[in-house]
Amino acid sequence: RRDLRERLRSTSAFQHLSDELVAVAVWDASEVLFAPGETIVREGERCVPGESCVFVLLAGTLEISRRHRGDAPAPSPRPEDGAAAAATVADAIRPGELVGEFSALALGRASSTVRVADGGVALCARLVGSHVRAALLRAGVGAGARADDSVAAGAILKGLSGRRRPGLARQIQNRDRWLEEIVLPALRSSPVLAGWPRALLVSIVASLPDRGYAPGAPIVEAGKDGDSIYALLEGSVDVEATSGDVVGSLRPGATFGEVSLLGLFGRRMATVRASATRGCRALMVSAARVRRALDGALGEQVRASHARLVASREEQVLTGMPMV
């Protein structure tokens, strides 16, 4: 593993990052050999943060191809058409470059197909997507980021968005807009997170995916353990008392779970369920993620005020006062 780490350290993808961040990015890395014509990333496939892998080409040639233009996933080719017949080769990936970086950035779906060129094999290093993302975020926006690491991470992301991958640039822009127009306003509506600096909120949620809930599906349930806050992004939810009676509803831009986030009670006090008519999408932020952010340099200016808020809420619980 040390030899593989040294090889990766010298690649164009990681040569400008510090040894510490390279170690984070390549933790649990392994070598994998792909056969001629084998597909590594397929256009339209969903990248799942923490599950999808990122590859670094070590030897051989990979081809980038697209079947169509636009944001919709490419249709599956008919068997009689052949997998490669409908695709147009747009460019090649050179040794030392990244493949499948969508999973590291949590950007949704792959915009291109990457396959091994016919007539040869390809040797790649397979990296855990969540580790690569953690290293880049730590370098670029994370608490205590070194200046040179931040510049290196920015250069990597700029390079990924600008060369050969028009879909990636578009998806980065779409995600930035999603954060600014939907996610951050929802978080700022929470009495716990209101007034927190933008950079701090971004460091908390930048890599988090949202999740869809089917109509009537529970998001949190009364009596069950929980320590996270949720931001409602789309649709609506019903709030149910322990008796099962609906006592209220929430619309997009609302948050719920603040009491659990502050650690005032070990169990959820109410059930929150996706609307029975259309479902919803929500983003979950764990207490552990918030604590890490507060402990870092970006959290310094709100650390004291947050501690005072927690203390006042704890006093309300002890004296039996209602929490508004």
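The model described here is predicted. W27 is placed in the loop that links α2 (19–25) to β1 (30–34). Apart from neighbours within four places in sequence, W27 contacts R5, V128 and H131. The C-alpha atoms of W27 and H131 are 6.9 Å apart, although 104 residues separate the two in sequence.

An open sheet is formed by four strands in the order β9-β16-β11-β14, with antiparallel pairing. Its edges are β9 (211–213) and β14 (255–256); each has a single partner strand, so one side of each lacks a neighbour in the sheet. Helix α9 (residues 287–295) packs on this sheet and touches β11 and β16 (280–286), and the direction of α9 makes about 50° with that of β16.

Further pairings involve β12 (residues 237–240), which is joined to β13 (residues 246–250) and also pairs with β15 (residues 271–274). Between β12 and β13 lies a hairpin with five residues between the strands, where G244 takes a positive phi near 95°.

| Strands | Bridges | Residue pair |
|---|---|---|
| β11 and β14 | two bridges | A231 and T255 |
| β12 and β13 | four bridges | V237 and L250 |
| β12 and β15 | four bridges | D238 and R273 |

Conventions. Residues are numbered from 1 along each chain as its sequence is written. This is a predicted model: local features need pLDDT of at least 70, side-chain atom pairs count only at pLDDT 80 or more; totals for chains, interfaces and linings use all residues. Side-chain values use heavy atoms; hydrogens and water are left out. Two strands pair if DSSP finds at least two bridges between them. Contact means heavy atoms within 4.5 Å. Axes are lines fitted to C-alpha atoms, for helices over the stretch in contact, and angles run from 0 to 180 degrees between N-to-C directions.
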